Amino acid sequence: DRLLVLVPLRAVLRSRLARSLMAAGAVALMPAVQALAQSSEEVINEYAVEVQILPDGDLRITETIDYDFGAGLRHGILRTIPTRFPYDDVNDRVFPIEDVTVQSDAPDDVEISEEGSLTTIRVGDPDVEISGRHSYTLTYRVEGALNPFPDHDELYWNAIGDEWQASIARAQVTVRAPGAIQRVACFQGYDGSTEPCALAELLA
């Protein structure tokens, strides 16, 4: 799910982004998600994302994922995040992922890898197989995620991603920022979809 938020310009922000959501104050978005990925007996029952826009323009993101592996045996989950986008004919824009932590009732070893335009956070123990329902909380920092304009900053971010191999039953995204949000938009579905989310509202 992609989120767009406009906020008043702050001089400390310097970079431009290419895929995300909201800004100042707080916004809640709730996609009407039934299946954002390939059909599978595995399912994400609940996917809650909180995006905090920091004063330096970075993002601190917390994802809480209620994942049911069903009867199949797996080592854990893979969270794949697009972090490199074409900027012009010569340059790419890169959004480094840093300060990754994971908490889970399942093995929560973390391995981070980069391939092409994607950064993958692999969570689990390669020597331990699990099944059934488990909860994962991922926290990480994204550098330079705002697009600067003369009178505002823009956050455009793919909050859920389209790399999941399990269906997603319910997803919700909340964005908090140090300024007042001027506009918010949310899109759901497959990559490139313009279908609006079931709910996108500014929180008091």
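Is cysteine 186 buried or exposed? At 6% relative accessibility, cysteine 186 counts as buried. The legends below describe close-up views of a predicted model.

**View 1. The disulfide of cysteine 186 and cysteine 197.** The structure holds one disulfide. A disulfide is a covalent bond between the sulfur atoms of two cysteines. Here the sulfur atoms of cysteine 186 and cysteine 197 are 1.9 Å apart. The angle about the S-S bond is -55 degrees, and the link is left-handed. Cysteine 186 belongs to strand β16 (residues 183-188), while cysteine 197 sits in the loop between β17 (195-196) and β18 (199-202), so the bond ties together parts that are 11 residues apart in sequence. Cysteine 197 has 13% relative accessibility and counts as buried.

**View 2. The largest pocket and its lining.** This pocket has a volume of about 340 Å³. Its lining is made of 21 residues, and those nearest the centre are Gly76, Ile77, Leu78, Arg122 and Val123. Three elements, β5 (76-82), β9 (110-115) and β10 (118-124), each give two or more residues to the lining. The most come from β5, with five residues. By type, the lining has eight nonpolar, five polar and eight charged residues.

**View 3. The aromatic pair of tyrosine 67 and tryptophan 164.** A search of the whole structure finds five aromatic pairs. In the pair shown here, the ring centres are 6.3 Å apart and the planes are at 45 degrees, a tilted arrangement. Tyrosine 67 lies in strand β4 (residues 59-68) and tryptophan 164 in the loop between β13 (152-158) and β14 (167-168), so the pair ties together parts that are 97 residues apart in sequence. Both tyrosine 67 and tryptophan 164 are buried.

**View 4. The aromatic pair of phenylalanine 95 and tryptophan 157.** This pair is edge-to-face, with 90 degrees between the planes and 6.4 Å from centre to centre. Phenylalanine 95 is in the loop between β7 (92-94) and β8 (97-104), and tryptophan 157 is in strand β13, so the pair ties together parts that are 62 residues apart in sequence. Phenylalanine 95 counts as buried at 1% relative accessibility, and tryptophan 157 counts as buried at 2%.

**View 5. The salt bridge of arginine 74 and glutamate 42.** The structure has eight salt bridges by count. In this one, the closest N and O atoms are 2.6 Å apart. Arginine 74 lies in the loop between β4 and β5, and glutamate 42 in the loop between β2 (25-30) and β3 (43-53); the pair links distant parts of the chain, 32 residues apart. Arginine 74 is partly exposed at 39% relative accessibility, whereas glutamate 42 is buried, with a relative accessible area of 8%.

**View 6. The salt bridges of aspartate 56 with arginine 141 and of aspartate 66 with arginine 133.** The side chains of aspartate 56 and arginine 141 meet at 2.8 Å, N to O. Aspartate 56 is in the loop between β3 and β4 and arginine 141 is in strand β11 (residues 133-142), so the pair ties together parts that are 85 residues apart in sequence. Asp56 and Arg141 are also linked with Asp58 in a network of salt bridges. For aspartate 66 and arginine 133, the closest N and O atoms are 2.6 Å apart. Aspartate 66 lies in strand β4 and arginine 133 in strand β11, so this pair ties together parts that are 67 residues apart in sequence. Aspartate 66 is buried at 17% relative accessibility, but arginine 133 is exposed at 52%.

How values were computed
Residues numbered from 1 in each chain as written. Predicted model: local features only at pLDDT ≥ 70, side-chain atom pairs only at ≥ 80, totals over all residues. Heavy atoms only, no water. Disulfide = S-S within 2.5 Å. Helix = DSSP H or I, 4+ residues; strand = E, 2+ residues; numbered from the N terminus. Buried < 20%, exposed > 50% of the residue type's maximum accessible area, 1.4 Å probe, protein only. 1 Å grid on protein atoms, 1.4 Å probe; cavity = no way out; pocket = protein on both sides within 12 Å on 5 of 7 lines; lining within 4 Å. Points joined across faces, edges and corners; volume = space filled by probe spheres on them. Nonpolar A, V, L, I, M, F, W, Y, C, P; charged D, E, K, R; others polar. Phe/Tyr/Trp six-rings, centres within 6.5 Å; stacked < 30°, edge-to-face > 60°. Salt bridge = Lys/Arg side-chain N within 4 Å of Asp/Glu carboxyl O.
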